[in-house]
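Hello,

Please open the structure below and keep it on screen while you read. My notes follow it.

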Amino acid sequence: MGLTGEAGPSAPRPVWATAGMTSHFLLPAIGFCLMLAGSGPLCAQEAQHGTGMAAGEQHQAVFDQQHRVITAGGFVKTGPVVFQDIAKAAGLTSWHHTSGTKDKPYIVEAKGPGVCLIDYDNDGWLDIYFVNGSTLDAMNGKAAAPHAALFHNNHDGTFTDVTEKAGVANDRWGYGCAVADYDNDGWPDLYVTNYGKNRLYRNNHDGTFTDVAEKAGVDLGTWSTGATFGDYDGDGRLDLFVAGYIAFDFVHPPVSGSRTVNYANCQYRGVVTMCGPRGLPGERDHLFHNNGDGTFTDVSEKLGVDNKNGYYGLGALFADVNNDGKPDLIVANDSTPNYLYINKGNGTFEDDSYLSGYALNADGREAANMGIAAGDYENNGHLDLVNTTFADDYDIVFNNDGKGNFTDVSYQSGVAAPTIPFVGFGDGFLDYDNDGWKDLFIANGHVYPVVDEHPEWGTSYAERPLLFHNMKNGKFELVPAVEGTGLAVVTVGRGAAFGDLFNDGKIDVVMNNMDGVPVLERNVNPDHHHWVELKLVGGPKSPRDAVGATVYLTAGGMRQRGDVLSGGSYLSSNDPRVHFGLGDADHVEQVEIHWPDGVVEKPKLPAVDRIFTIEEGKGITGTLCVTCKAGK
């Protein structure tokens, strides 16, 4: 049983000495203890000024038959094989992520990195961009800076590192990325968030990029995390939202016992750790309006989306949650209430964070929100959300009533209990078996390396991912992790991006991992279900890449929803093409495209198991069928 304060953003909250979501520092407080049966005294301190952490109840450790903690164990010998990690064979493990030192004394070393899927050369095959971190020595000029990586898809299951040629190395302390065609020239561009100045890599159409962030006015210079593009005012140009995390100062870093944290102790379960985020100053969020001339104007304060509360932004996503055709703005905040800004359709937003039910979980508590998955998992036309959170809390399934009102159904859906021991980051809905129902994948990894010294806590630094199968009744079932397969890969997972990397109609997952090599979870599920994918191209009054479009597809008597989104998951960006599994249906009954400018079209699809390019006002303009070329 846990203790919580009031649910308001400025109310004081208990600071747990033995359980918790994220590290914290203790201000002068009044201590008290409860005697709980079977666990001895559980002590808490009521912190002043609302400082503390969004804490779930400390749960009993779970071990498998080999006495491995469940986050790095629980494997089975036989079962369904859904994913295989082919990163090494694909050529991706030549690149390595680096962030600070192995002990992670500063919180700046523990966040990130994201990963983006981007068809940068418009050849119809998704390429991969991995964000890298940095080190103190690199920032001080004492060592070479780690570099991000752009891998070109060779169409044969392998990738080639083209970072240097493309000019996207980003020799800064990177965190996230987002993909969109912000200048409507038909080529995807890339925004990279950093500690320090951000990058806006404009696509030069020849396999190279130019960083125009400073010229465009979107470089900032603080600690940026999640980014997302969306046309909030309906002018046909994509605007940019950038979440801010912490106002972190390397000259005077927040270290346990230091003056920066008022000489307080930063602890996780009684062990000294990095400090933050609770108790540290939050960074502002920024919404940049696209001026249409290559520059942006910061309108965040004017529109009231600048995070005056000082919350700790991580995940960010433009998406239409109330079905009015206008992109709303979703922000997942770490250890503080979430934001949901409803688009009023007149260039302004209304803060419905609390009214909508998205700010807090079912217990009335803020959680350590990280990633955002958005998808219609019930096939009722409503865009639901899943937020990943910290250990000792559950990943939150926010069920949407279709009007932008959310209910926490995490336990009813079967997602809550299995996720409690894990620290979740990247997440996404994907129909891995093409049965027409969206499943859920979650990448996991702790933030405190010290947990490996305390197996009795029931968690680990490197953790396995989780895959939940949609049972078609509002519930999910955990897919077992078979030894030697992709679900048994144990990494310090962060960003995860979802897409059809091999154009075979199967959704794959790319994971970027802390201080390690990437994971490429190739979908090898043995189903033979049908599918279609739609690459949308907007008309003159819509964004060229159709970000913000919503598609309804009916097949086999079932109606599904898909959205073209930029950003999401954890500091990542997914395949912009809309994917639909069709089950055993061998034809599509109807497609209904709601374009960003409000136009609705119903093109006829002549076949299945293909990727169709559909241009607003022109219908189908291209078809890609890899299996057809193989004679199938």
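C116 has Y129 in β7 as its bridge partner. Strands here are DSSP runs of E with at least two residues, numbered from the N terminus. Two strands pair if DSSP finds at least two bridges between them.

Before going on, note that this is a predicted model: local features need pLDDT of at least 70, side-chain atom pairs count only at pLDDT 80 or more, and totals for chains, interfaces and linings use all residues. Residues are numbered from 1 along each chain as its sequence is written, and side-chain values use heavy atoms, with hydrogens and water left out.

β6 and β7 (residues 127–130) are antiparallel and share 4 bridges. They belong to an open sheet of 4 strands, in the order β6-β7-β8-β9, with antiparallel pairing.

**The cavities**

The structure holds 5 cavities of 30 Å³ or more. A cavity is a set of points on a 1 Å grid over the protein atoms alone, where a 1.4 Å probe fits but cannot get out; lining residues have an atom within 4 Å of a point. Volume is the space filled by probe spheres set on the points, which are joined across faces, edges and corners.

The largest cavity has about 510 Å³ of space. It is lined by 32 residues, and A374, F429, D563, N574 and D575 are the closest to its centre. Elements giving two or more residues to this lining include β28 (424–430) and β32 (493–499). By class, the lining has 13 nonpolar, 11 polar and 8 charged residues. Nonpolar covers Ala, Val, Leu, Ile, Met, Phe, Trp, Tyr, Cys and Pro; charged covers Asp, Glu, Lys and Arg; the others, Gly among them, are polar.

The second largest cavity has about 140 Å³. Of its 17 lining residues, G325, P327, V547, G548 and P596 are the closest to its centre.

**Back to β32**

Is β32 mostly covered or mostly open? β32 is mostly covered, with 7 of its 7 residues buried (under 20% relative accessible area, 1.4 Å probe, protein chains only). β32 runs antiparallel to β33 (residues 508–513), joined by 5 bridges. G493 has N513 in β33 as its bridge partner.

Best wishes

Technical notes. On a 1 Å grid over the protein atoms alone, a cavity is a set of points where a 1.4 Å probe fits but cannot get out, and a pocket is an open set with protein on both sides within 12 Å along at least five of seven lines; lining residues have an atom within 4 Å of a point. Buried means under 20% relative accessible area, exposed over 50%, partly exposed in between (1.4 Å probe, protein chains only).
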